[in-house]
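The sequence and structure are shown first.

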Amino acid sequence: MFQSEERVPYQTLKAWALDAYFDFCRCSGLVEHWSHEQVLARVDYSFEGGFERPVEDLMWRVILLVLSGGWHPDGESRARQLIVDALAEHGLKNLLADVPVDEVVAFQHDLKILKFI
């Protein structure tokens with residue numbers, strides 16, 4: 001589990017995911033001929049156990065769903081279910097209670113595009 005004194009911002013989580021995605025596409029996707037689905041699984045695995053805070057886990061799940069590009073229906077379905085479960089368990093309002101407004105706006109924008117809200 002990734003632990004930090006402070007909550008990891010959405011933008012930082014996206015940067016970490018994109019950095020890992022790039023590295024695994026380059027080293028595993030192109031060099032070792034891994035599939036896109038395998039690359040995404042490796043990105044997720046690189047942060048095995050998730051994050052300390054439920055809001056970070058939720059944001060991470062949304063980021064991975066976006067990176068999946070809708071190309072893997074079974075994976076997309078599982079990712080969507082994890083997000084729905086997190087929202088049902090914690091409530092979006094509670095999860096975002098201590099998140100700065102500009103970050104909430106950006107995250108909710110993504111949730112709306114993905115039809116979660």
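Is K93 buried or exposed? With a relative accessible area of 76%, K93 is exposed, the cut-off for that class being over 50%. K93 is placed in helix α5, which covers residues 92–95. Between K93 and E48 there are 45 residues in sequence, and their C-alpha atoms lie 26 Å apart in space. The model is predicted, and the values below are computed from it.

## Salt bridges between separate segments

The structure contains 6 salt bridges. One of them joins the side chains of R7 and E103, with an N to O distance of 2.6 Å. R7 belongs to the segment before α1 (10–30) and E103 to helix α6 (residues 101–113), so this pair ties together parts that are 96 residues apart in sequence. The two partners fall into separate accessibility classes: R7 is partly exposed, with a relative accessible area of 21%, whereas E103 is buried at 11%. The assignment follows because buried means under 20% relative accessible area.

A further salt bridge is formed by R61 and D44, whose closest N and O atoms are 3.2 Å apart. Because R61 lies in helix α3 (residues 54–68) and D44 in helix α2 (residues 36–45), the pair ties together parts that are 17 residues apart in sequence. R61 is partly exposed at 21% relative accessibility, and D44 is also partly exposed, with a relative accessible area of 23%.

## Local salt bridges

Within helix α1, R26 and D23 are 3 residues apart, a separation of about one helical turn. These residues form a salt bridge in which the closest N and O atoms are 3.4 Å apart. Both ends are partly exposed: the relative accessible area is 39% for R26 and 34% for D23.

Salt bridges also link E52, R53 and E56 in a network.

## Aromatic contacts

The count of aromatic pairs comes to 5. Among them is the pair of Y10 and F107, which is edge-to-face, with 4.9 Å from centre to centre and 80° between the planes. This pair links distant parts of the chain, since Y10 is in helix α1 and F107 in helix α6, 97 residues apart. Y10 is buried at 2% relative accessibility, and F107 is buried at 0%.

One aromatic cluster is formed by W16, F47, F51 and W60.

In soluble globular proteins, nonpolar side chains tend to be buried together. In this model the largest nonpolar core has 34 residues, and those touching the most other members are L58, W60, V62, L96 and F107. At least two residues of this core are supplied by each of α1, α2, α3, α4, α5 and α6. The largest share, 9 residues, comes from α3.

W60 belongs to the aromatic cluster, and F107 is the partner of Y10 in the edge-to-face pair.

## The largest pocket

Rolling a probe the size of a water molecule over the atoms shows where empty space is left. The largest pocket holds about 320 Å³ of space. Its lining comprises 14 residues, and L40, D44, G75, R78 and A79 lie nearest the centre. Two or more lining residues come from each of α2, α3 and α4 (73–90). The largest share of the lining, 5 residues, is given by α4.

By residue class, the lining of this pocket divides into 6 nonpolar, 3 polar and 5 charged residues. D44, listed among the residues nearest the pocket centre, is also the salt-bridge partner of R61.

## Backbone with positive phi

Which positive value does phi take at H33? Phi of H33 is near 65°, and this residue is not a glycine. H33 is placed in the loop between α1 and α2 and is exposed at 66% relative accessibility.

K115, likewise a residue other than glycine, has a positive phi of about 65°. K115 is found in the segment after α6, where its relative accessibility of 72% counts as exposed.

Conventions: Residues numbered from 1 in each chain as written. Predicted model: local features only at pLDDT ≥ 70, side-chain atom pairs only at ≥ 80, totals over all residues. Heavy atoms only, no water. Salt bridge = Lys/Arg side-chain N within 4 Å of Asp/Glu carboxyl O. Helix = DSSP H or I, 4+ residues; strand = E, 2+ residues; numbered from the N terminus. Buried < 20%, exposed > 50% of the residue type's maximum accessible area, 1.4 Å probe, protein only. 1 Å grid on protein atoms, 1.4 Å probe; cavity = no way out; pocket = protein on both sides within 12 Å on 5 of 7 lines; lining within 4 Å. Points joined across faces, edges and corners; volume = space filled by probe spheres on them. Nonpolar A, V, L, I, M, F, W, Y, C, P; charged D, E, K, R; others polar. Phe/Tyr/Trp six-rings, centres within 6.5 Å; stacked < 30°, edge-to-face > 60°. Core = buried A, V, L, I, M, F, W, Y, C linked by side-chain atoms within 4.5 Å.
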